[in-house]
Amino acid sequence: MKTLTKSNPIRFIMLGGFLGAGKTTALLRLARIYTKRGLRVGIITNDQAEGMVDTLAYREAGFTTEEIPAGCFCCHFEKLIEASGRLADGLKPDIILAEPVGSCTDLVNAVITPLKSLYTDQFVVAPYVALLDPIHALEALSVTGATGFSRKVTYIYKMQQNEADIVAINKTDQLDPAKLERVEALVAQNFPRATCLSVSAITGAGFDRLVSLLDEPGEAGLNPAQVDYKRYTEGEIALGWLNAQVAVSAAAPWDGNAFLMVVAQSVRAGLIMGGAQIAHFKMRLVDEQGREAALHATSNEGTLALAQCIDTPVSTGRLVVNLRAEGNPETLQQSVETALKAVEMALEVDCSIERCEAFAPNPPSPPPPERNRIRT
Ligand SMILES: Nc1nc2c(ncn2[C@@H]2O[C@H](COP(=O)(O)OP(=O)(O)O)[C@@H](O)[C@H]2O)c(=O)[nH]1
Ligand SMILES: [Mg+2]
């Protein structure tokens, strides 16, 4: 097997998959693996709005990260090329890891193919990986499964794996062998063109195989999908999106971890009451010393737990909220506003909303292929 070594052109690795599938966790693991090999890694994040929790997570881990806000890679290929150019000029990376928005599909036609055909001097494109949350997979792919998301949203989910060269079933640490076998069978049956493997971005299981597949010099983007843009649009606009930044202060030091838990519980209760289904709800609290606490939820059920804590009380902090759910943007906004009031009462803090955008994503509209050639 050929091992990836220092190279020019840059190796471009894009890892897609639905909201909450584990893309950021997996890319952080890959970034550390490549860094250990002595390779320089740059990261590109992408979202429909500014103020991304993921960008904070990558930067906190020490990786040079370019953020592309206000639209997905598939509609803004030119921004992806510009961001790659900035990384190439500054960091001079051996590898670029790219995380597309979790509601984005048609990435082979819109990104992999033009990169492969128009930018051969600058990039070597790795096979395209879609990461998959096994519980969502059971819901979306099995006939008898409970349906978390509507068929509109599930259409996007299915197209994401349909176009992938590699479908990586993630979070296998949460599955017993029988369940894993069921998910593997469903994936093989529904996405027969892809190479399927099982991984855990948390424990690292399966990553040796994933890395060797990504190292292989073979073709990328072999499964371009025929995406029905009417259905894709219906799926996108069924989702609600909220990005907020909140300044938090108080007369006396307060517990940053309890703060996140109270906000999370209250937001989730509000969403459930409003009939919304969480896709990915993530929050990061950064205090005046730069310490960070974080919390994620990827469904309406389950125990809420902190992914990262701050050990001692904090004086002031900035909260970043990224909430993606199937539901009305107004429901998302109301849930967050109500939760901030609740935490003000509960912990005697002041929350001042500096920015809050709640919206349904714009209908996807990739540019025609001839517009993809821009100067770098
Ligand atoms: N148990 C488990 N949880 C995971 C794994 N990978 C990611 N997660 C969790 O899933 C949630 C979403 O992960 P994230 O990487 O932010 O997903 P993204 O939206 O696809 O980037 C977080 O709470 C992660 O800790 C995994 O392999 N096992
Ligand atoms: Mg992410």
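Modeller: Gladly! Two strands count as a pair if DSSP finds at least two bridges between them. Keep in mind that this is a predicted model.

Biologist: What makes S10 and S11 a pair, then?

Modeller: Six bridges join strand S10 (residues 277–287) to S11, and the cut-off is at least two, so they pair. They run antiparallel, with Val286 bridged to Glu292 in S11. Their hairpin has four residues between the strands, and Gly290 takes a positive phi near 85° there.

Biologist: How do you know that S11 pairs with S12?

Modeller: Two bridges join S11 to strand S12 (residues 306–308); at least two are needed, so this is a pair as well. Here Ala294 stands opposite Gln308.

Biologist: Why is Glu163 said to have no salt bridge?

Modeller: The nearest side chain of opposite charge, Arg193, is 7.9 Å away, while a salt bridge needs a distance within 4 Å, so none is counted.

Biologist: What makes its approach to Asp106 a polar contact?

Modeller: The side chain of Glu163 reaches the backbone nitrogen of Asp106 at 3.1 Å, and the limit is 3.5 Å, so the pair counts. The backbone nitrogen of Leu107 also lies 2.9 Å from a polar atom of the Glu163 side chain.

Notes:
Residues numbered from 1 in each chain as written. Chains lettered and ligands numbered in written order. Predicted model: local features only at pLDDT ≥ 70, side-chain atom pairs only at ≥ 80, totals over all residues. Heavy atoms only, no water. Buried < 20%, exposed > 50% of the residue type's maximum accessible area, 1.4 Å probe, protein only. Lys, Arg positive; Asp, Glu negative; His and termini not counted. Polar contact = N/O pair within 3.5 Å; in protein donor to acceptor, adjacent residues only side chain to side chain.
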